[in-house]
Amino acid sequence: MPSTSVSLPPVEGPPQPGGTMLKGQLPPRDKARAPIGGPERSLELPTKDTQVVAQALTPIPPARPRLERALSLDEKGWRRRRSQASQEGLEQDQGPLRSGPKAPARSSSPPCLSTSLQEIPKSHRAPGSPSSWGNCLSGMASTSLDLLHREPAVAVSTPRLASMLPPRPLPAVALSMSADSLRTASTGGPDHEDFRRRVQKKLVRAHSSLGPSWPRSPLACDSCSLHSARSTFSLLAPIRAKDVRSRSYLEGSLLASGALLGAEELARYFPDRSAAIFVATWNMQGQKELPGNLDELLLPAGADLAQDMYIIGVQEGCSDRREWEACLQETLGPHYVLLHSAAHGVLYLSVFLRRDLIWFCSEVESATVTTRIVSHIKTKGALGASFTFFGTSFLFITSHFTSGEGKVAERLQDYSRTIQTLALPKSVPDTNPYRSSPVDVTTRFDEVFWFGDFNFRLSSGRAAVEALLGQKPEVDTSALLEHDQLSREMRRGAVFKGFQEPAIHFLPSYKLDVGKDTYDSSSKQRTPSYTDRVVYRSRHKDDICPVRYSACTSIRTSDHRPVYGLFRVRVRPGRDKFDRDLYLLGIRRRISKETQRQQPLKNQSSSAVCTIS
């Protein structure tokens with residue numbers, strides 16, 4: 001009878017499914033006894049009436065040193081860089097198997113790991129367990145990169161990675177940019193080596209001080225973390241380099257239609273081409289105490305919308321100018337920035353602008369004029385600030401003229417000195433030099449606002465003014481203004497030539513008792529007057545439209561009430577602030593080269609004429 005031969009596996013060796021053994025796996029005890037490359041021993045069990053027949057088995061290939069296998073990671077990675085999917089990389093990396101049924105796919109190791117790691121026992125998770133590659137992507141990525149960045153000797157000690165081996169092979173990963181997060185997390189993908197080098201190049205400075213035994217940062221192993229760690233949103237549209245190299249990419253226009261400060265950009269922000277401007281003046285009387293709330297002044301109840309610009313002039317300002325500006329910023333909030341701030345003694349000027357409009361404004365220039373030279377503390381004089389917004393030039397002047405009921409001539413001199421001495425503009429070019437006057441600074445700008453404590457009084461006397469103020473239910477302000485010194489001098493043309501003032505419908509802003517709504521109750525019995533005023537002038541007719549002109553009666557920390565005005569101002573497009581001549585020269589050259597390139601194509605297409613006879 002024929003004899004049977006049974007080949008038994010080693011006593012302590014792990015069982016192999018399908019009777020096969022993976023390359024490099026040897027029984028621990030037989031590896032020491034059997035010669036390298038020798039055939040495997042077979043245990044023959046003779047039975048009665050049987051003949052022993054030996055079965056020849058395929059020799060097991062010798063195991064290479066682990067150090068050599070650990071150093072072959074880069075070589076294996078380079079071979080897999082151009083693979084199209086992770087599954088193809090796994091099939092190429094499995095190597096020859098012993099004769100017998102094909103081993104299950106789950107027993108194969110990730111292609112990015114060396115064959116020395118294939119000896120690690122499989123995970124003890126149940127086959128139906130929900131754990132998969134998707135549940136351990138971050139752990140596998142960090143572990144694989146940790147091995148790649150360490151010394152070869154350290155990479156050999158891998159038993160602690162046994163619990164991280166996957167029960168199933170990796171899904172196919174596309175090589176498109178949309179699959180960047182998958183390629184990052186899937187350390188078994190064909191492009192893993194490329195990703196490792198890319199991450200290592202980006203983070204080499206951050207981790208250069210760490211030794212090989214330090215753990216890697218999570219950002220080095222997860223592209224999702226890399227993308228979430230920085231903002232990908234920007235208001236600036238990206239410009240591709242190939243579009244710039246293309247001569248057909250002709251941005252800009254010779255007529256400035258596409259310029260930054262041109263008509264198209266102006267229409268985007270101001271469709272009606274008018275900006276809202278808030279102008280206020282207040283004599284603080286040098287009080288250290290600041291109002292607890294400035295909402296009633298800067299954001300009056302009658303105004304539904306906030307303004308685009310806020311210009312506030314202060315006379316006899318508080319000692320802490322920075323605290324005053326902080327109060328203004330606190331009231332206006334984060335949508336506004338302090339574009340410019342200037343001081344002349346106790347004369348302050350603050351210019352606030354909407355934050356998203358600052359790019360269309362030129363540098364602010366300021367100048368001062370002193371009208372009381374003998375004074376150590378500059379309490380009288382003028383402070384001006386000018387700038388260009390789009391193509392419109394603005395000038396804002398705050399002044400404190402000479403005080404006293406009968407000193408009208410001194411106040412007229414203060415005005416004349418200011419328009420002749422205020423040296424503006426300095427570097428910003430005049431928008432219309434042909435209509436400017438060297439003896440009047442207000443003629444050099446398109447829009448001019450002049451505000452402050454002009455100290456012009458009501459000349460009718462205290463008794464007559466109190467009689468008019470006592471009228472009920474509404475005070476006739478026109479009757480009060482008949483005795484106003486400033487209105488009379490403006491009609492004569494002696495002061496503020498070419499200026500206008502909105503209609504006054506509020507009570508006199510001077511002089512009141514501090515903390516009360518009663519006019520001067522001291523022994524001096526000063527006459528209530530409209531000393532705080534806002535006047536304006538425009539180079540083009542009807543460019544400035546007053547919306548509201550009033551006084552803030554809720555602020556009672558001074559003997560003056562703040563006076564403010566809301567205006568709509570027409571804004572015109574302008575020229576860009578960069579080197580426009582050079583810009584136009586470069587654009588013309590691009591146009592000429594593109595025209596020359598397209599001309600042969602047009603000639604070729606026009607010569608191909610089809611005729612029918």
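Figure 1. Helix α13, formed by residues 321-332, lies across β1, β2, β3 and β4 (347-354), and its direction makes about 155° with that of β3. Contact here means heavy atoms within 4.5 Å. Axes are lines fitted to C-alpha atoms, for helices over the stretch in contact, and angles run from 0 to 180 degrees between N-to-C directions. Helices (H or I, at least four residues) and strands (E, at least two) are DSSP runs, numbered from the N terminus. The structure is a predicted model, in which local features need pLDDT of at least 70 and side-chain atom pairs count only at pLDDT 80 or more, while totals for chains, interfaces and linings use all residues. Residues are numbered from 1 along each chain as its sequence is written, and side-chain values use heavy atoms, with hydrogens and water left out.

**Figure 2. Strand order in the six-stranded sheet.** The sheet is open, with mixed pairing, and its six strands follow the order β3-β4-β2-β1-β11-β10. Its edge strands are β3 (336-344) and β10 (544-551), each of which pairs on one side only. Neighbouring strands of this sheet are turned against each other by 15° on average, direction ignored. Two strands pair if DSSP finds at least two bridges between them. Strands β1 (residues 274-283) and β2 (residues 309-315) pair in the parallel sense over seven bridges. Within this pair, Ile277 stands opposite Met309 in β2.

Figure 3. The pairing of β7 (residues 392-400) with β8 (residues 447-453) is parallel and extends over seven bridges. His400 stands opposite Asp453 in β8.

Figure 4. In helix α17 (residues 485-492), the residues Gln485, Leu486, Ser487, Glu489 and Met490 are buried. Buried means under 20% relative accessible area, exposed over 50%, and partly exposed in between (1.4 Å probe, protein chains only). The cover over the buried residues of α17 includes α14 (408-421), α16 (477-481) and β9 (532-538). Gly493 follows α17 and has a positive phi, near 85°.

**Figure 5. Lys516 in the loop between α17 and β9.** Lys516 is found in the loop between α17 and β9. With a relative accessible area of 49%, Lys516 is partly exposed. Residues up to four places away in sequence not being counted, Lys516 touches Arg556 and Arg561. The C-alpha atoms of Lys516 and Thr557 are separated by 8.9 Å, although these residues are 41 residues apart along the chain.

Figure 6. Most residues other than glycine have a negative phi, and most peptide bonds are trans. The peptide bond from Leu424 to Pro425 is cis, with omega near -5°, and Pro425 is found in the loop between α14 and β8. A cis peptide bond also leads from Tyr510 to Lys511, with omega near 0°; Lys511 has its place in the loop between α17 and β9. Phe390, in the loop between β6 and β7, has a positive phi near 55°. Phe390 is buried, with a relative accessible area of 2%. Phe496 is found in the loop between α17 and β9 and has a positive phi of about 50° although it is not a glycine. Phe496 is buried, its relative accessible area being 2%.

**Figure 7. The protein as the setting of the close-up views.** The secondary structure comes to 18 helices and 11 strands. Of the 613 residues in the protein, 43% are buried. Among contacts with a separation of 6 or more, 71% are accounted for by residues 24 or more positions apart. The protein exposes about 34,100 Å², of which carbon and sulfur atoms supply 55%. Accessible areas come from the Shrake-Rupley method with a 1.4 Å probe, and for residues only the protein chains shown count as cover.
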